[in-house]
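User: I would like to learn how to read the contacts, helices and sheet of a model like this one. Please take one feature at a time.

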Amino acid sequence: FSQRYRFWSLFDRGVWMDRESWYSVTPEAIAEHIARRARAVYPEAAVVVDAFSGPGGNAIQFAKVFPRVIAVDVDPIKVRCAQHNARIYGVFDKIEWILGDYFTVLRRLRADIIFLSPPWGGPVYSHFAVFDLRQM
């Protein structure tokens with residue numbers, strides 16, 4: 001909880017996160033840097049996919065600098081949090097929300113940039129001998 005402003009500058013306006021999001025959301029300054037760097041490298045890009053959007057940290061920052069973002073997450077609670085957070089940041093209408101498994105929906109998505117920041121397993125990841133997304 002002490003990191004809340006590192007994660008969200010507008011936290012006090014009512015940002016929502018579930019328990020897992022506290023250790024998986026990208027800190028706002030990093031998400032902003034990633035979005036601005038992507039814009040600088042791909043100035044003609046119009047659509048960005050955030051393949052594992054979680055509570056929306058990256059999708060929101062992408063929506064600030066790109067015309068359209070497609071945010072995908074398999075967890076309905078995280079999608080609700082992300083939608084709520086996008087409203088707080090004023091970018092809700094720039095994001096298309098998909099509740100589903102990215103690997104299932106990827107073939108039907110059309111985008112200029114695909115951003116992949118998969119779940120890393122949380123604090124217990126160090127207990128695994130091998131890090132395997134299929135076990136997440």
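Predicted model: local features only at pLDDT ≥ 70, side-chain atom pairs only at ≥ 80, totals over all residues.

User: Is glutamine 61 buried or exposed?

Analyst: The quantity to read is the relative accessible area, where under 20% counts as buried. Glutamine 61 has a relative accessible area of 3%, so the residue is buried. Across the chain, buried residues make up 45% of the 136 residues.

User: Some of those neighbours belong to helix H2. How many residues does H2 have, and what span does it reach?

Analyst: Compare the end-to-end distance with the span expected from the residue count. Helix H2 (residues 28-41) has 14 residues, and from its first C-alpha to its last it reaches 20 Å, close to the 20 Å expected at 1.5 Å a residue.

User: Which residues of H2 are buried, and which are exposed on the other side?

Analyst: Look at where the buried positions fall around the axis. In H2, Glu28, Ala31, Ala35 and Ala38 are buried. These residues are on the same side of H2 because they cover an arc of only 95 degrees around the axis. Ala29, His33, Arg37 and Ala40 are exposed on the other side of H2. Among the elements that cover the buried residues of H2 are helix H1 (4-7), H3 and E4.

User: What is the order of the strands in the sheet?

Analyst: The general idea comes before the case. Strands of a sheet pair through backbone hydrogen bonds, either parallel or antiparallel. Here four strands form an open sheet in the order E3-E2-E1-E4, with parallel pairing. Strand E3 (95-99) and E4 are the edge strands, each pairing on one side only. From one strand to the next, the twist averages 15 degrees.

User: How many bridges join the paired strands, and which residues are partners?

Analyst: Take each pair in turn.
- Strand E1 (residues 47-50) and strand E2 (residues 68-73) run parallel and are joined by four bridges. Valine 48 has valine 69 as its bridge partner in E2, and valine 49 has isoleucine 70.
- E1 and strand E4 (residues 113-115) also run parallel, joined by three bridges. Here aspartate 50 stands opposite phenylalanine 115 in E4.
- Five bridges join E2 and E3 in the parallel sense. Valine 72 has isoleucine 98 as its bridge partner in E3, and aspartate 73 stands opposite leucine 99.

User: Which way do the residues of E1 point, and how enclosed is E2?

Analyst: For a strand, check the direction of each residue and then its burial. Val47 and Val49 point one way from E1, while Val48 and Asp50 point the other way, and all are buried. In E2, five of the six residues are buried, so this strand is largely enclosed by the rest of the structure.

User: What pattern does the chain follow along the sequence?

Analyst: List the helices and strands in sequence order. The chain has five helices and four strands, and they follow the pattern α-α-β-α-β-α-β-α-β. Of the contacts in the chain with a separation of 6 or more, 62% are between residues 24 or more positions apart.

Definitions and conventions
Residues numbered from 1 in each chain as written. Heavy atoms only, no water. Buried < 20%, exposed > 50% of the residue type's maximum accessible area, 1.4 Å probe, protein only. Helix = DSSP H or I, 4+ residues; strand = E, 2+ residues; numbered from the N terminus. Pairing = 2+ DSSP bridges. Axes fitted to C-alpha atoms, helices over the stretch in contact; angles between N-to-C directions. Expected span 1.5 Å × (residues − 1). Arc of directions from axis to C-beta. Contact = heavy atoms within 4.5 Å.
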